[in-house]
Amino acid sequence: MPKDGIGASTKRREDIRFLTGKGRYTDDINLNGQLYVHFLRADVAHATLNAVDTASAQDMQGVVRIFTAKDFEAVGGLPCGWQVTDKHGNPMQEPKHPIMAEGKIRHVGEIIAAVVADSLEEARDAAEAIVVDYDELPAVIDMKAACADGAPKVHDDLTSNLCYDWGFVEENKAAVDEAFEKAAHVTTLELVNNRLVANPMEPRVAVGDYAPHDDSSTLYTTSQNPHVIRLLMGAFVLGIPEHKLRVVAPDVGGGFGTKIFHYAEEAFCTFAAKQIKRPVKWTSSRSEAFMSDAHGRDHVSKIQIALDADNNFTALRTDTYANMGAYLSTFAPSVPTWLHGVLMAGNYRTPLIYVNVKAVFTNTVPVDAYRGAGRPEATYQLERCIDKCARELGVDPAELRRQNFITPDQFPYATPVAVEYDTGNYHATLDKALELADVTGFDARAAESKKNGKLRGLGIANYIEACGIAPSNLVGQLGARAGLYESATVRVNATGGIVVMTGSHSHGQGHETTFPQVIADMIGIDASQVEIVHGDTANTPMGMGTYGSRSLAVGGSAMVRAAEKVINKAKKIAAHLMEASEGDIELKDGQFTVSGTDKSVAWGDVTLAAYVPHNYPLDQIEPGLEETAFYDPANFTYPSGTYICEVEVDEGTGKVEVLNFTAADDFGNVVNPMIVEGQVHGGVGQGIGQAMLENCAYDADGQLLSASYMDYAMPRASDLPMITVDHSCQTPCTHNPLGVKGCGEAGAIGSPPALVNAVLDALNRNGHAVDHIDMPLSPSRVWTAMNQ
Amino acid sequence: MYNFEFVKPSSVEEAIAALKEEDAQPLSGGQTLIPTMKQRLNQPSKLVSLLGIAELNGVSAEGSTVTIGGATPHAVVAADASAYPALAALASNIGDPAVRNRGTIGGSLANNDPAACYPAAALASGATIVTNSREIAADDYFQGMFTTALDEGEIITGVKFPVPEAANYQKFEQPASRFALTGVFVAKYADGVRVAVTGASNDGVFRWTEAEEALSGNFSADAISGLTVDASDMISDLHGTAEYRANLVKVLTGRAVAAC
């Protein structure tokens with residue numbers, strides 16, 4: 001067996017270049033004759049934009065050209081990739097999303113003009129000389145106020161600020177309401193899923209280039225999905241055919257969703273480079289990132305669970321307001337609907353579910369997918385409400401959950417919200433987490449904390465998520481304007497080494513390590529013989545990119561299918577070389593053998609024959625050894641798990657310390673346990689960040705209050721406990737060739753409710769009857785809740 | 001950042017002369033000034049660095065007084081102010097290592113950020129702010145948020161701290177900036193106890209005189225248990241309400257006393 005095959009905790013080969021400063025990020029790309037753009041951005045949230053006078057700025061030193069909205073009259077708006085149909089069967093309201101503000105400013109940070117100059121400082125100097133004539137309008141910030149009659153409209157050409165009013169499943173609504181009327185107990189909880197800024201370590205960067213000799217454009221950009229950007233920008237914005245447009249996303253320093261989307265700055269740099277015929281570069285400052293990267297979450301919800309007299313869940317209904325911001329970012333409409341509503345069953349047998357979502361335009365930065373995208377919002381509501389329910393009923397929160405679990409014998413399980421879970425064993429992860437977290441020893445630990453003047457609490461949360469998005473024919477019915485397959489080309493070289501060109505994109509996930517492990521396992525060669533190429537539309541097949549924990553489940557499956565084609569062809573060659581029947585050829589440990597004989601040829605002999613076909617069945621197969629596969633999954637995959645968080649609360653200050661965190665996940669089969677563990681660590685870190693620290697806040701005028709790291713608190717290492725991670729509970733996915741499920745988002749989905757449940761447990765155990773505290777659980781909020 | 005001239009004199013006299021130019025500004029560790037310049041919120045014509053003046057750098061102890069040069073970085077105070085352990089401990093927990101190796105005590109006191117740590121130490125210690133032209137008692141020096149008794153062109157050359165019998169600083173960190181959301185410095189001297197609070201008030205650092213009186217009679221956390229802190233002038237923001245900060249003032253004062 002190869003030493004770095006499936007199941008080996010191989011160290012990440014890409015880390016050598018990242019950790020030694022040899023990574024090649026977009027900002028490291030500097031082209032001959034390159035110019036720099038500075039964007040003049042709005043500093044008010046809502047205004048009529050009367051005129052933009054660039055005359056005096058145009059004459060300043062170093063200025064090459066200044067662009068305003070007028071320059072983009074012949075250019076399309078930024079497209080939205082998903083159309084949601086509302087509960088009446090009508091399409092969502094979809095306003096134009098211009099490259100630059102047209103006639104109106106709709107959020108702080110929106111681009112008003114762009115100065116292209118020899119240097120960034122000269123561009124910034126000139127931007128200060130641009131005179132913007134505008135009349136400020138009342139800003140619409142609060143979602144419920146935005147939906148009130150007579151509220152100022154973000155888009156004057158729409159009927160209201162309501163993007164859509166979505167009901168799911170609309171046909172179930174009456175039955176759900178009836179079940180609530182018959183319920184023995186109903187628990188109601190109103191909560192906020194706080195707005196977040198993703199803050200990848202690397203801010204966004206774009207470099208546009210134009211080649212006059214063949215009229216082609218190239219965009220270097222910090223993207224999770226370069227082919228998607230090529231299609232959206234080329235076809236819908238700039239009108240450049242794909243064969244004249246190359247998009248390169250080289251090393252990318254973290255994405256977390258916010259680098260999925262097609263942004264105005266990308267289209268601008270590509271457009272301006274062609275106009276000026278010189279490369280144009282933009283590097284976001286951190287301040288710009290806060291007001292131009294798509295934000296995440298921002299739901300305001302009311303959830304209700306109905307139970308019968310035996311504490312069985314009989315029905316569930318939720319009402320959510322989901323903030324879209326000022327414009328529809330690329331996949332924004334899908335997040336609160338098809339990535340949120342369909343997960344509302346969670347791990348439970350609840351037979352009747354109705355989800356209502358009102359998506360609302362406000363004068364804020366657009367909101368779109370952020371690690372977990374909709375699933376954290378669903379899980380948070382459900383797991384918080386079940387906890388409250390257990391407290392109201394006076395039952396053990398773990399046992400109330402267990403009682404209502406979908407049982408192992410019920411899989412595949414069709415939920416009342418349209419999805420079918422293929423596999424799972426929620427009892428197993430619950431038992432594993434309870435054991436690893438030493439829940440039976442909690443009372444003794446709580447007593448010890450009390451001696452030290454601290455309030456100790458323990459919180460449990462289960463999660464189910466849908467990832468590896470998804471069957472293209474299904475998402476097409478749901479409103480996706482794209483397919484969601486993945487691609488791979490496996491190119492075997494003459495001397496036996498392999499290059500895999502994948503449509504997936506690695507921006508921290510470790511594909512360059514894990515994908516070769518799979519190939520090594522299939523062929524029986526060393527993983528070091530396999531190289532992964534990704535991130536460049538010029539040398540990879542059309543792929544949909546990396547998000548929604550889909551790389552291994554979808555991209556890895558495409559690679560497996562391409563490798564299977566390669567192996568099948570190699571067996572034909574080997575059969576010819578050994579004068580045997582193809583059906584008798586076996587491949588193991590890099591050797592082709594004829595079963596029942598001692599004949600063998602090495603992998604390298606076969607690959608050489610493929611490219612030097614002197615002794616070769618040319619009448620039956622072509623020379624060469626390279627195959628491409630596109631894989632379109634039959635279903636989502638459904639990772640699940642149980643998270644347990646233990647905290648101490650300082651009663652005097654309200655400060656929460658996370659003491660222990662236990663994650664028992666079912667990711668199906670695992671290729672590299674170390675990388676999976678790291679993914680869970682990162683996800684839990686972000687989840688704890690959301691639950692305790694991160695708070696993207698606007699004032700009533702639409703000014704961003706948390707516009708820098710002085711006020712936006714990212715989780716630091718010292719905020720996190722050691723995290724116990726277990727993925728021994730494995731129910732492999734039944735419909736992809738690797739049996740894998742996806743692990744990238746789980747940590748961020750399951751951890752916020754576990755932490756909040758733990759804090760409320762600490763309070764309620766110690767005489768503070770508090771039903772709920774909205775995230776982030778800052779010391780001030782916790783103290784205030786205790787002292788109301 | 002706009003263009004500016006830069007000079008690095010080697011004496012206080014040269015620095016004062018250079019600062020006479022209109023729009024010239026002194027630069028010490030630059031932890032506030034440089035970020036505001038990078039954001040184009042500040043446009044000095046000339047920066048006069050104080051870091052080349054040897055006499056402004058260093059910690060010395062004589063009798064019951066610790067004197068710190070105005071341009072001494074926090075890291076040096078943390079390492080060398082062992083004669084005043086509570087002050088050294090405060091310095092060791094300002095910002096992060098990069099901040100502590102650049103930021104200076106004179107810069108912090110001249111800026112008088114309402115959430116900075118040093119103003120609490122200076123006020124609770126009854127320190128003396130020494131400038132190129134005079135000595136200013138801490139009680140007269142701090143005049144509200146970002147406001148001090150310093151005149152235009154006047155620079156802090158040193159700070160004299162009388163070493164107390166016991167002292168402790170309790171800093172409750174704002175989670176993002178790690179400035180003090182509220183910080184309380186308690187210093188016990190033979191002639192009484194002084195309590196200074198940073199981070200909490202709209203008026204900047206202040207003395208909690210009721211606590212001082214109570215603690216001067218009975219130096220124990222119990223002595224302040226019956227006191228209340230008026231929340232009406234406290235800061236209320238994203239990170240904490242006024243009532244919360246008022247609570248922190250009392251809680252942290254008690255913890256500082258207990259830790260003395």
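Which strands of chain A does helix α5 (residues 173–182) lie across? The close-ups below, taken from a predicted model, start with this helix.

**View 1. Helix α5 of chain A on its strands.** Here you can follow helix α5 of chain A as it lies across β7, β8, β13, β14 and β15 (353–361) of that chain. Relative to β14(A), the helix runs at about 125°.

**View 2. The five-stranded open sheet of chain A.** Reading across the sheet, the strand order is β7-β15-β14-β13-β8, and the pairing is mixed. At the edges sit β7 (162–168) and β8 (185–193) of chain A, each with pairing on one side only. From one strand to the next, the twist averages 10°.

**View 3. Strands β13 and β14 of chain A, side by side.** This view picks out a strand pair from the sheet. Strand β13 (residues 299–307) and strand β14 (residues 313–325) of chain A are antiparallel and pair over nine bridges. To find one of the bridges, look for L307(A), whose partner in β14(A) is F313(A).

**View 4. Helix α9 of chain A on the sheet strands.** Helix α9 (residues 375–393) of chain A lies across β8, β13 and β14 of chain A. Its direction makes an angle of about 140° with β8(A).

**View 5. Where chain B touches chain A.** In this contact, 12 residues of chain B meet 16 residues of chain A. On the chain B side, helix α10 (residues 242–259) gives the most, with four residues. Sorted by class, the chain B side has seven nonpolar residues and five polar ones, with no charged residues.

Technical notes:
Residues are numbered from 1 along each chain as its sequence is written. Chains are lettered from A and ligands numbered from 1 in the order in which they are written. This is a predicted model: local features need pLDDT of at least 70, side-chain atom pairs count only at pLDDT 80 or more; totals for chains, interfaces and linings use all residues. Two residues are in contact if their C-beta atoms, placed from the backbone, lie within 7 Å. Helices (H or I, at least four residues) and strands (E, at least two) are DSSP runs, numbered from the N terminus. Ala, Val, Leu, Ile, Met, Phe, Trp, Tyr, Cys and Pro count as nonpolar, Asp, Glu, Lys and Arg as charged, and the others, Gly among them, as polar. Two strands pair if DSSP finds at least two bridges between them. Axes are lines fitted to C-alpha atoms, for helices over the stretch in contact, and angles run from 0 to 180 degrees between N-to-C directions.
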